[in-house]
Amino acid sequence: MKQFWVTVAAVFVALLIFVALPVVFLTGAMVSAVTSPSASGPSGPVVIELDLRGGVTDQAPQNPFAMFSGSGLSVMGIVDVLDRAQDDDDVRALFVRLPEAGMSPAAADEIRQAISRFRRAGKPVIAHSQGMMQSGAVVSSYMVGAAADEFWLQGNAALQAAGLQTEEIFFARAFERYGVEPQFEQRYEFKNAVNPFLQSDYTAAHREATLGWMNSVYLSAVANAARDRDMDRTVLQQALEAGPAMGEAARERGLVDRLGQVEEAEQRALTRAGEGAETISFASYAARPDTRRHRGPVIAVIEAEGPIVTGTGGSASPFGDASTIYSDRTAEAIYDAIEDEDVKAIVFRVSSPGGSDVASEQILAAVRAAVAAGKPVVVSMGAYAASGGYWISSEASHIVAQPTTLTGSIGVFGGKFVLSEALARFGVDIRSLSVGGETANLFSPADEFSAADRAAFSGWMDQIYDGFIQRVSRGRELPIERVREIARGRVWTGTEALRLGLVDELGGFHEAVQRAKVLAEIDEDADVQLRRFPAQQGFWEQLGLAFGGGAEAARALITLGALANDPDVQAAVREVQTARARAEGSHVLADEPL
């Protein structure tokens with residue numbers, strides 16, 4: 001009966017879309033007729049416009065409603081499209097719009113590398129900034145601009161990228177004031193995720209670890225920017241640290257090349273592209289058919305972004321934005337790649353701050369099975385591969401990390417908040433009853449840990465930590481005592497992790513694919529097919545599954561969605577979204593097709 005009503009609900013949504021879409025299509029077609037000569041944009045020589053101001057995820061969003069929100073840009077998508085564009089004779093140049101705030105250092109590293117490959121193909125890159133404000137890792141945004149042939153700054157804008165900053169909010173005094181009792185175990189002093197609940201300031205270990213990775217990230221970004229701008233690193237660092245530089249001052253310090261409005265910078269890109277060139281949005285170019293990688297040996301690509309949890313994700317809200325790594329789904333993708341006789345190797349893209357130890361072990365078991373089956377697994381680390389993210393990577397055949405990837409955090413924490421006193425102050429009493437063993441109410445918020453509770457919980461944390469250590473020792477071929485020395489919950493950057501033996505190579509997805517070729521004994525210059533597991537689903541398949549309507553509802557949605565597969569209809573929808581957003585005062589960053 002439950003399935004019946006779920007199916008009815010899904011079909012109702014399908015009918016609603018069926019009624020709404022013709023209006024959208026009609027309006028979009030009218031806009032398209034005026035503003036777009038073809039579904040794929042201009043033909044002939046083009047300049048691709050890549051707008052990074054709306055932020056990027058590491059991997060393409062799985063949310064079927066992602067087309068209605070955000071930029072839709074992902075690091076993996078940017079790398080793939082720019083690598084395609086560098087070999088496309090129609091693409092003559094790249095025009096990059098830089099964000100005013102910071103961006104993920106590892107994402108900036110990977111985009112910079114893709115830009116460098118694009119330039120090595122003999123194609124110019126023009127970057128434009130409307131100013132940069134000191135916020136988070138804004139120096140990483142600067143580094144991306146420095147990778148261009150020409151770095152433009154709006155004349156009246158300020159460039160402020162004097163360092164790297166972060167902050168932490170500590171709750172210990174507030175908890176003490178309001179009667180909240182946090183009871184946590186951490187393994188060990190560098191496992192700082194729970195410190196904000198326990199402390200009112202940085203501990204010595206917390207400060208040491210945070211300043212350690214911040215210094216590594218900052219110096220890496222400055223060194224890369226200095227190399228790309230052909231400047232002495234010390235000179236560039238002093239110019240950045242001198243404080244905000246308005247327009248001409250930024251140019252005089254050597255921080256940028258030219259001053260001008262965005263329209264002038266875009267025209268410069270068109271001029272360098274040659275006569276007849278037109279600008280095309282990144283999304284429009286990405287929507288063009290990709291005829292590469294349809295021949296040669298197969299390398300499986302499996303993507304995992306977000307916190308690691310058990311399950312399949314079938315009950316997740318289709319309206320949520322957060323990415324999540326579901327252990328059933330990820331492990332199944334790896335086993336499917338193992339069983340596919342065409343697959344010669346696996347590139348496992350990981351960007352995760354951690355999560356459940358049991359979910360992580362389920363995924364690691366699949367990685368272990370792939371290696372045992374003779375299919376090398378190369379991990380490509382994104383922004384993070386820490387804690388559980390490192391757990392699932394630890395026994396791969398080879399690990400590639402960006403210099404600024406945050407990884408390691410080999411440790412564990414857990415605990416609870418005791419709320420009885422806090423609630424009592426508001427006249428609310430919470431009481432706990434239990435039957436069974438002495439630790440039956442271990443996680444009750446009504447009572448503090450008893451001596452037996454604390455001993456049992458502490459032993460549990462020790463077992464998880466020891467298991468983590470053993471997996472790292474086995475996978476990285478390091479003595480257990482050495483792993484204990486470099487672990488203790490500490491986060492390392494990719495550069496530091498390479499020195500410690502926690503990763504094998506610095507680089508991004510491109511380098512991971514090249515390494516997979518070597519391990520699979522495929523010629524390094526040979527064409528390969530990159531086949532994603534699970535296969536990427538279209539919008540209608542995702543929508544049917546997201547609403548849990550089962551096969552019948554999914555088929556109904558797919559049938560109703562057949563219209564949306566027509567390129568002209570897709571272009572119409574994109575254009576009406578663009579027109580609506582601009583009318584509302586928004587800036588359209590990357591309108592993705594259905």
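Biologist: Let's start with helix 8: which of its residues are buried, and do they line one face or several?
Modeller: Happy to, keeping in mind that this is a predicted model. The buried residues of helix 8, which spans residues 233-241, are Leu 236, Gln 237, Ala 239 and Leu 240. Looking down the axis of helix 8, these buried residues fall within an arc of 160 degrees, so they line one face of the helix.

Biologist: And what covers the buried residues of helix 8?
Modeller: The cover includes parts of both kinds, helix and strand.

Biologist: Helix 4 has come up, so how does helix 3 lie relative to helix 4, roughly parallel or roughly perpendicular?
Modeller: Helix 3 covers residues 105-120 and helix 4 covers residues 138-146. Their axes are 9 Å apart, with a packing angle of about 0 degrees. Angles under 35 degrees count as roughly parallel, so the two helices are roughly parallel.

Biologist: Which residues make that contact between helix 3 and helix 4, and how many of them are nonpolar?
Modeller: Helix 3 brings Pro 105, Ala 108, Asp 109, Ile 111, Arg 112 and Ile 115, while helix 4 brings Ser 140, Met 143 and Val 144. Sorted by class, there are two charged residues, one polar residue and, to answer your count, six nonpolar.

Biologist: How does helix 3 meet helix 19, roughly parallel or roughly perpendicular?
Modeller: Helix 19 spans residues 509-519, and its axis comes within 9 Å of that of helix 3. The two axes cross at roughly 75 degrees. This makes helix 3 roughly perpendicular to helix 19.

Biologist: Which residues meet there, and how many are charged?
Modeller: From helix 3 come Glu 110, Gln 113 and Arg 117, and from helix 19 come Phe 509, His 510 and Glu 511. By class, that contact has one nonpolar and two polar residues, and the charged ones number three.

Biologist: Is Arg 117 buried or exposed, and which residues does it contact beyond its neighbours within four places in sequence?
Modeller: Arg 117 sits in helix 3. Its relative accessibility is 8%, and buried means under 20%, so Arg 117 counts as buried. Beyond those sequence neighbours, Arg 117 is in contact with Val 79, Asp 83, Gln 86, His 510 and Glu 511.

Biologist: Turning to the sheet, which strands stand at its edges?
Modeller: The sheet is open, with six strands in the order 8-4-3-2-1-9 and parallel pairing. Each edge strand has a single partner, so one side of each is left without a neighbour in the sheet. Those edges are strand 8 (258-259) and strand 9 (278-281).

Biologist: How many bridges join strand 1 to strand 9, and which helix packs on the sheet, touching both of them?
Modeller: Strand 1 (residues 46-51) runs parallel to strand 9, and four bridges join them. Within this pairing, Glu 49 stands opposite Ser 281. The helix touching strand 1, strand 2, strand 3, strand 4, strand 8 and strand 9 is helix 10 (residues 262-273).

Terms used:
Residues are numbered from 1 along each chain as its sequence is written. This is a predicted model: local features need pLDDT of at least 70, side-chain atom pairs count only at pLDDT 80 or more; totals for chains, interfaces and linings use all residues. Side-chain values use heavy atoms; hydrogens and water are left out. Two strands pair if DSSP finds at least two bridges between them. Contact means heavy atoms within 4.5 Å. Axes are lines fitted to C-alpha atoms, for helices over the stretch in contact, and angles run from 0 to 180 degrees between N-to-C directions. Angles under 35 degrees count as roughly parallel, over 145 as roughly antiparallel, 65 to 115 as roughly perpendicular and the rest as oblique. Ala, Val, Leu, Ile, Met, Phe, Trp, Tyr, Cys and Pro count as nonpolar, Asp, Glu, Lys and Arg as charged, and the others, Gly among them, as polar. Buried means under 20% relative accessible area, exposed over 50%, partly exposed in between (1.4 Å probe, protein chains only). The arc is that of the directions from the helix axis to the C-beta atoms.
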